[in-house]
Amino acid sequence: LSKICLNAKVVSSVFVEEKTDNNRACTNLEDAFRVMDIYPNPARASITVPVIIPNSGDVMVIIEQSDGKQTDNLRFELSAGYNEVKIDRGNLKSGIYFIRFRFEGIEKVKKVVFQ
């Protein structure tokens with residue numbers, strides 16, 4: 001995850017919180033566009049790709065065959081932080097594919113095998 005944030009809330013009337021302005025603590029683990037490992041890989045019907053983006057926006061996804069031929073272009077509107085992008089295989093034949101993820105001028109490429 002790009003950020004881990006903790007909020008403390010009073011859930012019992014036994015304890016009285018007097019300083020509520022300091023109950024949020026965030027630790028920035030990564031402030032960048034990140035695409036983690038695709039799963040399952042190899043896949044049969046669909047894949048899931050964990051994606052971290054530093055701020056909300058569109059992530060473009062381009063699916064290419066191993067010979068470089070584009071087979072699909074997708075757009076996902078994601079919120080800041082951790083997201084999971086689910087991509088259905090659709091009409092893709094069995095084989096090796098490269099999936100390009102683009103966000104704000106940065107590109108990441110992952111490989112997937114469809115059985």
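Asparagine 83 lies in strand β7 of a model that is predicted. With a relative accessibility of 9%, asparagine 83 counts as buried, because the cut-off for a buried residue is under 20%. A polar atom of the asparagine 83 side chain is placed 2.8 Å from the backbone oxygen of serine 79. When neighbours within four places in sequence are left aside, asparagine 83 is in contact with Val49, Pro50, Val51, Ile53 and Leu78.

The protein chain as a whole has nine strands and zero helices. Along the sequence, its pattern is accordingly written β-β-β-β-β-β-β-β-β. Of the 115 residues in the protein chain, 28% count as buried. The accessible surface amounts to about 7800 Å², and carbon and sulfur atoms contribute 48% of this area. Among contacts in the protein chain with a separation of 6 or more, 53% are made by residues 24 or more positions apart.

Strand β7, which holds asparagine 83, belongs to an open sheet of three strands. The order in this sheet is β3-β4-β7, and the pairing is antiparallel. Strands β3 and β7 form the edges, each of them pairing on one side only. The antiparallel pairing of β3 with β4 extends over two bridges. Across this pair, arginine 34 stands opposite isoleucine 52 in β4.

The loop between β3 (34–35) and β4 contains proline 40, and proline 42 is placed in the loop between β3 and β4 as well. In general, most peptide bonds are trans, and most residues other than glycine have a negative phi.

A further open sheet contains four strands in the order β6-β5-β8-β9, with antiparallel pairing. Its edge strands are β6 (70–78) and β9 (106–114), and each pairs on one side only. From one strand to the next, the twist averages 20°. Strand β5 (residues 57–65) is joined to β6 by antiparallel pairing over eight bridges. Within this pairing, isoleucine 63 has aspartate 72 of β6 as its bridge partner.

Arginine 75 is also part of strand β6. Although arginine 75 and valine 61 are 14 residues apart along the chain, their C-alpha atoms are separated by 6.0 Å. Arginine 75 touches Asp58, Val59 and Met60, if residues up to four places away in sequence are not counted. With one of these residues, aspartate 58, the side chain of arginine 75 forms a polar contact of 3.0 Å between side chains.

Glutamate 104 is located in the loop between β8 and β9. The phi angle of glutamate 104 is near 50°, which is a positive value in a residue other than glycine. Is this residue buried or exposed? Glutamate 104 has a relative accessibility of 56% and therefore counts as exposed, since the cut-off for an exposed residue is over 50%.

The largest nonpolar core comprises 21 residues. Which of them touch the most other members? These are Ile47, Val49, Ile99 and Phe101. The elements that supply two or more residues to this core are β4 (46–53), β5, β7 (81–88), β8 (95–103) and β9.

Note on methods. Residues are numbered from 1 along each chain as its sequence is written. This is a predicted model: local features need pLDDT of at least 70, side-chain atom pairs count only at pLDDT 80 or more; totals for chains, interfaces and linings use all residues. Side-chain values use heavy atoms; hydrogens and water are left out. Two strands pair if DSSP finds at least two bridges between them. Axes are lines fitted to C-alpha atoms, for helices over the stretch in contact, and angles run from 0 to 180 degrees between N-to-C directions. Buried means under 20% relative accessible area, exposed over 50%, partly exposed in between (1.4 Å probe, protein chains only). Contact means heavy atoms within 4.5 Å. Accessible areas come from the Shrake-Rupley method with a 1.4 Å probe; for residues, only the protein chains shown count as cover. A nonpolar core is a set of buried Ala, Val, Leu, Ile, Met, Phe, Trp, Tyr and Cys residues joined through side-chain atoms within 4.5 Å. A polar contact is a pair of N or O atoms within 3.5 Å; within protein, one must be able to donate a hydrogen and the other to accept it, and residues adjacent in sequence count only if both atoms are side-chain atoms.
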